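Open the model in your viewer and keep the selection panel at hand. We will go from one stop to the next.

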Amino acid sequence: MTDSAVKVTGLARTQGAFHLGPLDFELPTGLVMGFVGPNGSGKTTTIKTLLGMVRPDSGHVQLFDEMEPGDASTKDRIGVVLDHLFVTPEWKVESLTRRLGPFFSSWDPAAFHGYLDRFGIGREAQIGTLSRGEGVKLSLSMALAHHPELLILDEPTSGLDPVSRVDLVDILREFMVDPKHSILFSTHITTDLDNLADLILVIDDGRIEYAGTLDGLREDFAMVHGTEQLSRAAADSVMGLRRTGGRFDGLIRSDATPLFGPSTVIDDATTDDVIVHLARRGATQQESS
Amino acid sequence: MIGTFARFDIVNFATPVRRVAPALLLVVATAVATPLPVFAIGTAAIVMSLLAANPFAADERSHLDTLYATLPINRRNVVLGRYLALVLAYLAAALIATIAAIIITLGGGHSVDVLAFAAANVAAFLVFAVSVAVQLPFFFSVGATRARPMIFIPAVVFGGGAALASQTGLLSRIDFATAISANLGIVSAAVVVIAVAALLGSIAISTVRYNRRAL
Amino acid sequence: MQIVLSSSSGVPIYEQIKSQVRSAIYGGDLGVGEQLPSLRQLAADLRVSLITVTRAYNDLVAERVVINEHGRGFVVVAVDPESARAALGARLDSAITELAAAARGARISRTDLNILLDEKWSKV
């Protein structure tokens, strides 16, 4: 069995004015990693490098310990769900088996039909007539039908109604019962992470702000609010600092706690707090300069 | 893998059959309408050259390049598979044109000039091969939409070449008919070699371009 | 053993898992030598992440309530009678408190309560 499903070292890519990386992270086999960050933070570009869709300017991506992204045998072991369908709208759902099946070593028509039935997607349906939720479910059915070891999902639940979202996550849980399976998914809906992700990677403006467990995230960050006069060091340590009236609030790393006085309240930060305030960081810096 | 992709591609752009019917009808109509039924074979070449852009346009419309990126096939084999599919499609069209022309010829009470048919097929293959060889690297590099003007390059080249040849009287100065029929075997072989070389060179360039392309 | 989690109780999920496993063991639902559900199956059934279940099980191993047996998974070890008695006593205590409150709230007399108790006693 492979040790790591995904291992990224020094990954960097520049696209116009956007600089991604250098990124370093690892998804050990058997775990679920959630990739969170505001729009434009680099999540999708990172996922594209894992799939071999874009080439990094520098750095290395290794899948299943030693395999290269973009290799046919690597892709045989990966199931992909993106935020848009990538099949022809005129095709019928059922035709996917005869069109795509021959490419895979383990395409399982029975499994494909099983997922379609479970999701209530008609086999005769034309793909273009499916709703957004049905489209995601079809993508997941396609991804799982060839028995992959790694699932990579880019914003799979965005635009889904709550019922569909739970259905989707339940299927992902079933997928994880096999210890050889791993999942990497990006999302900006942090509730998706709470009870599914083992590891979380927070990315903002092309850089990793946090990599570790959810519990660790709560330990590493804190929310501060109060009325004291902030020292320069304290003010600089607050991310997404907001001042209204005599009050201030924002996000800090826990090791900055000593910079604040006893009247300042220090609370646990939720994952949303972290993302929102990291994203606000750029704006705050503009205001103070 | 190459064959798998070629079959996938052919199923994609050749079904439902009514999609290719107009092109085939045009080819057959040329066999019927023109004085030399052999012209139908040339029509097949020109029609297939113009249709070569269609699979790329369909890829763009339906994000199929992303699909190919997730399928267990590397980009080089996608390129090879696409070329193979186009060549097979052309051969099918040329075959239909040849059969239609033979039928019309025999139906008109004439005998079939085998040498003329062979020469027509060889020439048509050259036309098709060069057209495709010129266009496809652009499509693989930037997609059908941005490379759309490229479709007309082969037409311009051949049309311009023919116009130039007739202007300078090149065709009348060399007695092509005698020269070719005397050395049909060698000339045909040379033409096929040139056509295949053009395709192979094109494949090499397309592979490099497609490998570099960011999706 | 059926574990039921509460997301609003304020108690972390891994703590809830631990205390419910302990109750099951002290109460006799899980016997010595019996296997706990596999990490992954429990994570899927409870709809929590693998890491949460792993933490709960590892804590229970540290408490010497279960051990991780190679090849078999997590297995219940011999129960310490003292702590078992204390734990069961605490469980009985909270159950009686709740029963008294429920009966009072429904305005049921002690006599009627005894009748209800007799009914249930034989069925459990």
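**A tour of the predicted model**

Select β5(A) and strand β6 (residues 150-154) of chain A: they run parallel and pair over four bridges. This is a predicted model.

In what order do the six strands of chain A lie? The order is β5-β6-β7-β3-β8-β9, in an open sheet with mixed pairing. Color β5 (78-81) and β9 (207-212) of chain A next. Each has a single partner strand, so these two stand at the edges, with one side of each left without a neighbour in the sheet.

Next come the helices. Select helix α1 (residues 43-50) of chain A. Helix α1 packs on the sheet, where it touches β3 (32-36), β6, β7 (182-187) and β8 (199-204) of chain A. Its direction makes about 150° with that of β6(A). Then select helix α5 (residues 132-145) of chain A. Helix α5 lies across β5 and β6 of chain A and runs at about 175° to β5(A).

Zoom out to the chains. Two pairs of chains are in contact, and chains A and B share the most contacts. Show chains A and C: 12 residues from chain A and eight residues from chain C make up their contact. On the chain A side, seven are nonpolar, two polar and three charged. Last, show chains B and C. No contact joins them, and their closest C-alpha atoms lie 27 Å apart.

Definitions and conventions: Residues numbered from 1 in each chain as written. Chains lettered and ligands numbered in written order. Predicted model: local features only at pLDDT ≥ 70, side-chain atom pairs only at ≥ 80, totals over all residues. Contact = placed C-beta atoms within 7 Å. Nonpolar A, V, L, I, M, F, W, Y, C, P; charged D, E, K, R; others polar. Pairing = 2+ DSSP bridges. Axes fitted to C-alpha atoms, helices over the stretch in contact; angles between N-to-C directions.
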